[in-house]
Amino acid sequence: MSLAIAGMGWVTPLGNGVDAVWERLLRGDEASATPISEQFAERSYSAFRVPESALTGLAHPRLRRASVISRFAATAGLDALQAAGVKVNSQNAGRIALIFAISNGGVIYTKRFYRDVVETGAQSASPLLFPETVFNAPASHLAAILGVTGITYTVVGDGAVGLLAIKMAEDVMMDKSLDYCLVVGTEEVDWLLCDAYRRWRLLRSAPPIEPFGKQKRGMILSEGAGAIVLAREGRITIERAHPGGCYGKRAEAEEILKRILRDLSQVEIDFVMSSANGTFIDQAELGALEQVIPGAVTYAAKPALGESVGASGLWQVMLGAQALRHGELPPVLHASPAISLRLARSRMAVTGARRAIILSSGVNQQGAGLRLALH
Amino acid sequence: MAQLGSTTGKKNGERVAVVAAGVVSPLGFGLAETLNSLRRANDCVTDVTRFSVAECRCKTAGQVPDDRLLAGPNKKLRAKRLHRASHMMIHALREAVMQVPQFEPELTIIGTTSGGMSYGEQYYRSLCRSGNLRHAPTWIANYPAQKPVIDAQEEVLGVSAPCQVIANACASGTNAIGHAFECVRSGRYQRVLTGGYDALSELVFTGFDSLQASTPEKCRPFDRHRAGMVLGEGSAILALENLELARKQGAPVLAEIVGYGISTDNFHITQPDPSGVGPRQAMERALQSAQISADEVDYINAHGTATIFNDAAEGKAISQLFNGVPVSSTKSMMGHSLGAAGAIEAVISLLALRHQFLPPNINFEALDESLDLNVVANESRSAAVRTAISNSFGFGGTNASILIRRVEA
């Protein structure tokens with residue numbers, strides 16, 4: 001069974017709107033990094049943040065107290081449904097499934113809630129903040145806004161979780177009573193996340209992200225959301241979604257990615273959307289690509305958009321769909337000339353491209369992939 | 001009472017067998033200890049020892065003892081660094097795999113709500129108190145929700161199947177089993193591991209306390225004097241396999257999962273719609289999915305958190321759908337283990353089917369006057385149990401029910 005992409009919505013540090021962000025990427029734009037600090041710590045970090053103006057059009061009582069992660073998701077989800085021409089009403093609300101991909105979740109409110117507990121004691125714990133710390137809070141807000149009454153799942157994982165959510169959507173849509181599945185990936189940035197990834201030696205303190213570099217200097221976190229409406233028919237399809245795999249040690253990541261690539265590259269592939277983010281996963285992807293589909297044209301968006309973890313897989317799929325639709329790839333930023341992969345180093349035509357692999361390797365032991373086709 | 005005929009149900013696909021199960025909870029380690037606790041109606045809720053609860057209203061929880069949990073025969077030194085949640089998953093998976101050593105899952109679907117939250121707490125406390133952050137990389141690496149799943153697969157199976165981790169609040173475990181059931185029923189997968197886990201954490205404990213959802217008293221589901229929930233922890237695993245294939249290969253068939261229902265009621269982020277429409281839809285959809293009528297259900301393992309709102313909504317939905325079917329909430333014995341609850345309660349339902357008894361709803365004095373339920377009060381009792389329904393409902397208005405049926409030899 002293959003599902004089609006019927007609509008997409010995008011909230012990124014480069015702005016909102018699929019075509020607007022796409023144009024900026026084609027021009028070679030890079031999101032602006034902003035400093036991010038914390039009152040009890042001297043160290044500050046850089047992150048790619050979504051501009052506040054991106055959320056001004058969204059007002060709903062359910063989002064009054066919600067964290068930005070829920071606002072990103074609602075904005076992207078509603079845009080995707082509008083692009084697909086889907087109006088949710090009481091007649092079709094049961095025929096639409098909602099699947100969320102999240103990695104770190106509502107970390108801003110989680111930190112605020114626990115800070116009160118640590119600094120002032122349990123009696124200061126806020127009953128208003130606590131529900132927003134739950135992983136499925138963003139999904140429940142969007143479900144309530146839309147009136148979705150059936151399947152609502154939140155899937156958690158690492159940077160591969162977006163593709164795992166799409167795989168789950170494929171399984172869910174085996175139920176023929178469903179017309180659509182809205183898949184949303186979303187994430188918000190906080191100093192605490194930056195510090196955690198830094199201590200884990202995966203984050204660098206300031207841009208750029210240098211994809212596929214041997215130095216593995218690290219990533220820069222970003223935030224936002226991506227949303228895709230999956231339907232039964234359409235011009236661009238998820239032709240094959242691999243169930244993914246898990247690696248025990250970092251050195252084993254390449255083997256998982258090779259397995260995924262072998263499965264997805266049994267037909268001719270025109271380009272690959274890589275998840276390279278400046279960490280150890282880049283070498284795993286590079287090794288897998290060179291061995292399984294040497295010479296494949298490869299694009300990596302994270303140097304321009306940052307590592308949005310739970311949202312990143314959805315962003316990659318959206319980029320793949322845009323590249324197939326428009327027949328060109330944006331330039332890969334900050335890549336060393338010494339890298340052996342066939343990277344889109346400047347805006348590159350892929351005219352007539354029919355198939356793309358989306359490869360996603362997370363830093364917390366998960367890998368996933370899928371193949372898009374243009375019909 | 002609802003009559004749900006086959007015309008309203010989905011088309012049936014492949015039949016789905018439970019070929020193995022494993023469990024760790026305050027009721028005990030493994031199926032045998034759990035069965036014993038259920039039969040004896042043990043109250044396994046104790047004073048919280050893992051963190052200070054001095055400022056909380058609630059002081060108790062169902063807890064898995066560390067002396068046994070961490071003493072397992074884990075093969076590798078790295079096991080010392082693993083989160084307690086990983087140890088729980090390892091114990092549960094090990095028990096399941098001992099029953100079907102050749103089981104190779106194509107996919108693993110697990111429910112949780114908070115992953116390795118207590119490691120996140122240690123990290124944050126150390127940060128803001130300028131404490132020792134030497135172990136920070138270990139805490140951070142073992143914090144993600146998928147980590148206990150991957151750890152358990154590696155430790156017990158030696159390989160790691162692709163995993164999907166569902167975090168649908170307190171419905172997570174039942175959602176995971178339900179989705180796994182659908183995956184096998186559709187014919188897309190032959191063997192799927194499923195279940196749920198959650199380990200007690202200060203943040204979550206304090207959160208429920210702040211909502212005044214947890215009680216300083218005993219947990220009394222459906223009782224007129226109920227005053228709230230107590231938290232718990234644990235893990236449970238079920239190995240699902242295409243029933244025909246399982247029989248061909250001589251695998252044990254412990255039970256059959258026959259239906260799954262899910263609904264979203266959108267009423268409020270922490271409270272159910274008081275009409276009971278969410279739970280009712282989930283149970284109705286499970287019956288439709290199984291193409292059976294409510295008359296065929298012999299036992300209901302209720303979500304039954306003992307909060308005013310949950311039990312009122314669930315109780316109303318049960319009495320609308322079922323006519324005097326025995327109901328119990330086993331959370332009264334072990335607390336509410338959140339993402340693990342649905343999985344542990346599925347295992348409890350499975351034990352009820354296999355050993356022909358009704359698990360008890362303890363601490364029960366008198367039924368809430370507004371409810372019309374046949375509560376299995378305080379003691380387990382023998383009964384003919386062929387089909388059981390297990391409910392889980394969570395924050396965000398997410399509701400899930402699964403139907404499990406006894407398989408005759």
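Among contacts in chain B between residues at least 6 apart in sequence, what percentage join residues at least 24 apart? The figure is 79%, where two residues are in contact if their C-beta atoms, placed from the backbone, lie within 7 Å.

Before you click on, some housekeeping. This is a predicted model, in which local features need pLDDT of at least 70 and side-chain atom pairs count only at pLDDT 80 or more, while totals for chains, interfaces and linings use all residues. Residues are numbered from 1 along each chain as its sequence is written, and chains are lettered from A and ligands numbered from 1 in the order in which they are written.

**Stop 1: chain B as a whole**

Select chain B and switch to cartoon view.

How much of chain B counts as buried? The answer is 67% of its 409 residues. A residue is buried if 20 or more other C-beta atoms lie within 10 Å of its own, exposed if 12 or fewer, and partly exposed in between, with C-beta atoms placed from the backbone.

**Stop 2: two helices in chain B**

Now pick residues 172–185 of chain B, which are helix 7, and residues 341–355, which are helix 13. Their axes come within 5 Å and cross at roughly 65 degrees. Axes here are lines fitted to C-alpha atoms, for helices over the stretch in contact, and angles run from 0 to 180 degrees between N-to-C directions.

Show side chains where they meet: B:Ser172, B:Gly173, B:Thr174, B:Ala176 and B:Ile177 from helix 7 of chain B, against B:Ala341, B:Gly342, B:Ala343 and B:Ala346 from helix 13 of chain B. By class, this contact of helix 7 with helix 13 of chain B has five nonpolar, four polar and no charged residues. Ala, Val, Leu, Ile, Met, Phe, Trp, Tyr, Cys and Pro count as nonpolar, Asp, Glu, Lys and Arg as charged, and the others, Gly among them, as polar.

**Stop 3: across to chain A**

Show both chains. Here 51 residues of chain A are in contact with 50 residues of chain B. Colour helix 3 (107–120) and helix 5 (161–172) of chain A, among the elements that each supply at least two residues to the side touching chain B. That side of chain A has 29 nonpolar, 18 polar and four charged residues.

Now hide chain B. Chain A comes to ten helices and 17 strands, and buried residues make up 63% of its 375 residues.

**Stop 4: two helices in chain A**

Select helix 2 (residues 68–84) and helix 4 (residues 137–146) of chain A, whose axes come within 9 Å and cross at roughly 45 degrees. That makes helix 2 of chain A oblique to helix 4 of chain A. Among the residues in this contact are A:Ala73 and A:Gly77 of helix 2 and A:His141 and A:Leu142 of helix 4 of chain A.

**Stop 5**

Most residues other than glycine have a negative phi, and most peptide bonds are trans. Go to the loop between helix 6 and strand 8 (224–231) of chain A, where A:Pro208 lies. The peptide bond from A:Pro207 to A:Pro208 is cis, with omega near 10 degrees.

In that loop you'll also find A:Phe212, with a positive phi near 65 degrees. Is A:Phe212 buried or exposed? A:Phe212 counts as buried because it has 24 C-beta neighbours inside 10 Å. A:Lys216 is in the loop too, and its phi is positive at about 50 degrees. With 18 C-beta neighbours inside 10 Å, A:Lys216 counts as partly exposed.

Definitions and conventions
Helix = DSSP H or I, 4+ residues; strand = E, 2+ residues; numbered from the N terminus. Parallel < 35°, antiparallel > 145°, perpendicular 65-115°, else oblique.
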